[in-house]
Amino acid sequence: MNIQNEDFKNIPGWGMDIDPDNEPTYPIKNYTGDDHKRSNYEKAEQQPLNIELLKSNERPQNSVVFGTSVPPTGLSGMIRRYAFRHSEDRYRHWIPLIMADRINAWEGIIEDLKKGTIPDIAKERGWRSEFRHNPAGMIAKAAVMLTIGSLVVRHLFKKK
Amino acid sequence: MLAMNYRGPYRVRTVQRPMPEILHPEDAIVRVTRTCICGSDLHLYHGMVPDTRVGSTFGHEFTGIIEEVGPLVTNVKVGDHVLVPFNIACGKCNFCKQGLYGNCHESNTMATAVGGIFGYSHTAGGFDGGQAEYVRVPYANIGPTVIPPDMDPDDAVLLTDVVPTGYQAAEMGGIKEGDTVVVFGAGPIGIMAARCAWFFGASRVIIIDHIDYRLEFAKNYAKCEAYNFKSMKDPVVFLKKITDWYGADVCIDCVGCEAEGNLLQTFTGKVTLMQAGAATALQWAINSVKKGGIVSVVGVYGPPFNYVPIGNILNKGITLRANQASVKRLLPRLIEHVQSGRLDPKGLITHRIPLEEIAEGYRIFSSKLDECIKTVIIPSTKP
Ligand SMILES: [Zn+2]
Ligand SMILES: [Zn+2]
């Protein structure tokens with residue numbers, strides 16, 4: 001809603017110093033004067049909505065087109081639905097989304113296993129290229145992982 | 001069809017996915033001929049962009065052949081070889097009408113700060129990207145641009161993002177004749193920004209990075225001065241010193257949230273995630289520009305919060321300009337630059353990788369292996 005109030009125009013001096021050439025974003029933005037019309041412009045017809053879409057609560061309607069890449073599912077989807085109850089201004093929006101992303105990665109592995117495929121993590125991480133072009137770094141990384149691993153194992157066995 | 005598929009941080013693979021379909025009368029389906037891995041894809045690959053869902057396909061830089069069009073598509077036809085700008089723009093909203101195609105209001109339901117971008121998480125609209133054999137292109141009357149017949153397709157694919165983003169970074173700097181311009185980051189965008197700074201009349205262009213092979217490349221490609229900040233005690237003091245203790249006229253941040261070089265930024269931004277990545281480059285840009293200077297930002301900073309020296313923006317009277325590039329607005333001029341030979345985008349390409357091997361492509365670029373600057377992915381679909 002655009003509140004119309006013409007009274008300000010009676011304020012002495014109103015508008016005297018308007019400088020239409022002082023457009024700080026010129027020439028990036030081609031100023032048309034239409035900005036004040038807000039969202040009142042001709043739109044294309046709406047893309048039909050036949051998937052679950054999460055909408056920013058900072059806008060009243062869905063955008064005319066939208067992506068249908070991956071609708072929310074599972075636990076990560078539940079967290080994402082919660083996140084979208086809060087605006088982009090809130091940590092309550094972004095932090096849950098980042099959490100959901102981490103959980104989603106595990107859901108992906110579980111889904112793979114359910115389908116009977118074991119994800120080839122070395123291949124997915126492109127370790128072949130790392131080994132070919134950075135063998136020293138790769139070996140150092142592996143050594144660190146091995147050391148930490150063996151320390152953890154030793155610690156666990158000591159406890160028993 | 002074959003498509004790149006995100007599985008979680010640092011994990012991608014190629015899988016068979018269903019063919020994309022026309023979902024809106026202004027859609028087109030494009031058979032991808034070339035696509036790239038962009039520096040900003042790495043933010044997704046590293047898991048730093050919120051709402052990057054497992055199963056999505058990345059890729060916002062691509063060219064391809066129009067395979068199918070919706071009933072309202074009139075500007076392109078089946079068989080056209082097009083380059084597709086990374087922004088999805090309706091052409092009708094007030095932002096599009098003002099040339100702000102990177103700020104379209106009708107292409108992203110999931111967020112209002114950023115417009116729709118192909119393959120760039122659900123924060124940018126949840127569209128599948130071009131690192132695939134086929135891709136759905138909404139608003140096909142606005143974005144896709146027929147590649148001029150005399151243009152090398154390798155040049156064309158870089159006109160979808162790298163060239164316009166680098167060019168707009170320089171443009172937003174408001175560079176005047178004789179200005180000294182400092183570019184932070186010698187990735188493909190930084191190199192292009194440095195190259196384009198000359199178009200606006202700079203008399204001195206300096207690029208700063210921490211990887212020697214990238215600096216060497218930048219020096220040759222952009223004909224600029226190149227310095228490694230790892231060899232400096234203090235980059236801001238260094239930049240002041242080489243600009244008569246005055247500061248640069250224009251500083252351009254082409255790094256974004258994964259910057260190196262500042263312990264406190266790294267700790268708060270990358271180790272503890274107390275802020276969305278390290279804003280080192282932006283901090284250096286603000287602190288090494290002259291008083292009354294201009295800082296132009298095209299580096300990607302994720303939500304929700306960054307520690308930037310905002311007080312200094314006031315104290316120094318800085319004009320800070322930042323945006324996603326409005327590719328469509330810039331294309332006519334940039335096509336001229338390429339056709340006349342003034343600009344050689346394909347000169348940035350160092351690697352060519354088949355779509356099946358995309359995981360290696362991401363690893364090589366992410367770990368800065370094999371002197372990689374820019375990777376082109378070629379889907380092997382038969383014509
Ligand atoms: Zn890009
Ligand atoms: Zn628009």
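Here are a few friendly notes on the metal sites, the chain contact and the aromatic pairs of this predicted model.

1. **The zinc ion with four cysteines.** Let me begin with ligand 2. Its protein donors are the SG atoms of B:C90, B:C93, B:C96 and B:C104, and they lie 2.3 to 2.4 Å from the zinc ion. The angles subtended by the 4 donor atoms run from 101 to 118 degrees, and since a tetrahedral call needs all angles between 85 and 135 degrees, this arrangement is tetrahedral.

2. **Where those cysteines sit.** Along the sequence, the donor residues of ligand 2 show the spacing C-x2-C-x2-C-x7-C. B:C93 is in the loop between β6 (87-88) and α2 (94-97) of chain B, while B:C104 is in the loop between α2 and β7 of that chain, so this pair ties together parts 11 residues apart in sequence. B:C93 is buried, with a relative accessible area of 0%. B:C104 counts as buried too, at 4% relative accessibility.

3. Ligand 1 deserves a look of its own. This zinc ion is coordinated by B:C38 (SG), B:H60 (NE2), B:E61 (OE) and B:D161 (OD), at 1.7 to 2.4 Å. The angles among its 4 donor atoms span 84 to 142 degrees, and the site is irregular. In sequence, the donors follow C-x21-H-E-x99-D. Are B:H60 and B:E61 buried or exposed? B:H60 is buried, with 2% relative accessible area, and B:E61 counts as buried at 1%.

4. **The contact between the chains.** On the interface, 64 residues of chain B are in contact with 67 residues of chain A. About 5500 Å² is buried between chain B and chain A, and carbon and sulfur atoms give 50% of that area. Which three residues supply more of chain B's share than any other three? They are B:R11, B:Q98 and B:T109, which supply 13% of the area that chain B buries against chain A.

5. The whole structure holds 10 aromatic pairs over all chains. One of them joins B:F62 and B:F118: the ring centres are 5.1 Å apart and the planes stand at 85 degrees, so the pair is edge-to-face. It links distant parts of the chain, with B:F62 in strand β4 (residues 62-69) of chain B and B:F118 in the loop between β7 (116-117) and β8 (134-137) of chain B, 56 residues apart. Both B:F62 and B:F118 are buried.

6. **A second aromatic pair.** B:F229 and B:W284 also pair edge-to-face, at 4.9 Å centre to centre and with 75 degrees between the planes. B:F229 belongs to the loop between β12 (225-228) and α7 (235-241) of chain B, and B:W284 to helix α9 (residues 280-288) of chain B, so the pair ties together parts that are 55 residues apart in sequence. Both B:F229 and B:W284 are buried.

7. **A ring cluster, and charges over rings.** Ring pairs also link B:Y6, B:Y10, B:Y45, B:F58 and B:Y362 into a cluster. If you follow charges over rings, please look at two places. In chain A, A:K43 lies over the face of A:Y41, at 4.5 Å from the ring centre. In chain B, B:R195 lies over the face of B:F199, at 4.9 Å from the ring centre.

Conventions. Residues are numbered from 1 along each chain as its sequence is written. Chains are lettered from A and ligands numbered from 1 in the order in which they are written. This is a predicted model: local features need pLDDT of at least 70, side-chain atom pairs count only at pLDDT 80 or more; totals for chains, interfaces and linings use all residues. Side-chain values use heavy atoms; hydrogens and water are left out. Rings of Phe, Tyr and Trp (its six-membered ring) pair if their centres lie within 6.5 Å; planes under 30 degrees apart count as stacked, over 60 as edge-to-face and the rest as tilted. Helices (H or I, at least four residues) and strands (E, at least two) are DSSP runs, numbered from the N terminus. Buried means under 20% relative accessible area, exposed over 50%, partly exposed in between (1.4 Å probe, protein chains only). A charge sits over a ring if NZ of Lys or CZ of Arg is within 6 Å of the ring centre and within 35 degrees of the ring normal. Donors are N, O and S atoms within 2.8 Å of the metal (3.2 Å for Na, K and Ca); water is not among the atoms, so sites may look incomplete. Four donors count as tetrahedral if all angles lie between 85 and 135 degrees; four count as square planar and six as octahedral if opposite donors are over 155 degrees apart and all others between 65 and 115; anything else is irregular. Contact means heavy atoms within 4.5 Å. Buried area is the accessible area (1.4 Å probe) that two parts lose on being put together, summed over both.
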